[in-house]
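Trainee: I would like to learn how to read contacts, cavities and helix packing from a model. Can we go through one?

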Amino acid sequence: RSWSLPADLPIVAVVGSLSDEKRPGLAIAAVSALAGVHLVLAGDGPLRPDCEHLSDRLARGRVHFLGSVEDIISVYHCADVVLLTSHTEGMPGVLIEAGLCGVPVVSTDVGAVREIVLDGTSGFVVPADADAANVASRVAEVLTFDADQRQATRQLCIARFDTDGVVTAWSEYLTGKAQRIRD
């Protein structure tokens, strides 16, 4: 409510810098193809003026620029889908955070995305060079996910990235390495 977002329409969120490598224009173009869907951009950067112009042209009134957000979890909690349209990434923490909040994602196939997103289960992975129509079709599919699929998204990320699981995995790995060194 504090961001004046519609309570009864789907919300797609982009969390990150409005910069070339993140390709926010692709996110705007994709969402513009989905009637009634709103886009939230949480972050700021050098492309903000270009993004504002593009959103006015393609999706007037449906793109919301939040700027830098201190409590990013609140963005995930208002989102139905998190969208990552980057052309380069490492291990995108945004996708892990979204998954831990039970929010499915649509992401380009860059970096370690496939280690986070189980394609078809916790969201969809599109080709790195996907166009707006391809991204929009996958977002539309994710918007049909039910509560069970959202819970599965959360459970998948908890299993893979929760601190207890990560500590256990590292401990087992290091113990195994130490044993092989001793042998």
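Mentor: Start with one residue in this predicted model. Leaving aside neighbours within four places in sequence, T121 is in contact with F145, Q149 and T153.

Trainee: Where is the place of T121 in the chain?

Mentor: T121 sits in the loop between α5 (113-116) and β6 (123-126).

Trainee: Which residues line the largest cavity?

Mentor: T153, one of the contacts of T121, belongs to that lining, together with L95, G99, V103, V105, I116, V117, S122 and C157. The space in the largest cavity is about 40 Å³, and the structure holds 1 cavity of 30 Å³ or more. By class, the lining has 6 nonpolar, 3 polar and no charged residues. At least two lining residues come from each of α4 (93-100) and α7 (147-161).

Trainee: How is the packing of two helices described?

Mentor: In general, two numbers are given: the angle between the axes and the distance between them. For α4 and α7 the angle is about 125°, and the axes are 7 Å apart.

Trainee: Which residues in α4 and α7 meet?

Mentor: L95, I96, G99 and L100 in α4 meet T153, R154, C157, I158 and F161 in α7. This contact has 6 nonpolar, 2 polar and 1 charged residues.

Technical notes:
Residues numbered from 1 in each chain as written. Predicted model: local features only at pLDDT ≥ 70, side-chain atom pairs only at ≥ 80, totals over all residues. Heavy atoms only, no water. 1 Å grid on protein atoms, 1.4 Å probe; cavity = no way out; pocket = protein on both sides within 12 Å on 5 of 7 lines; lining within 4 Å. Points joined across faces, edges and corners; volume = space filled by probe spheres on them. Helix = DSSP H or I, 4+ residues; strand = E, 2+ residues; numbered from the N terminus. Nonpolar A, V, L, I, M, F, W, Y, C, P; charged D, E, K, R; others polar. Contact = heavy atoms within 4.5 Å. Axes fitted to C-alpha atoms, helices over the stretch in contact; angles between N-to-C directions.
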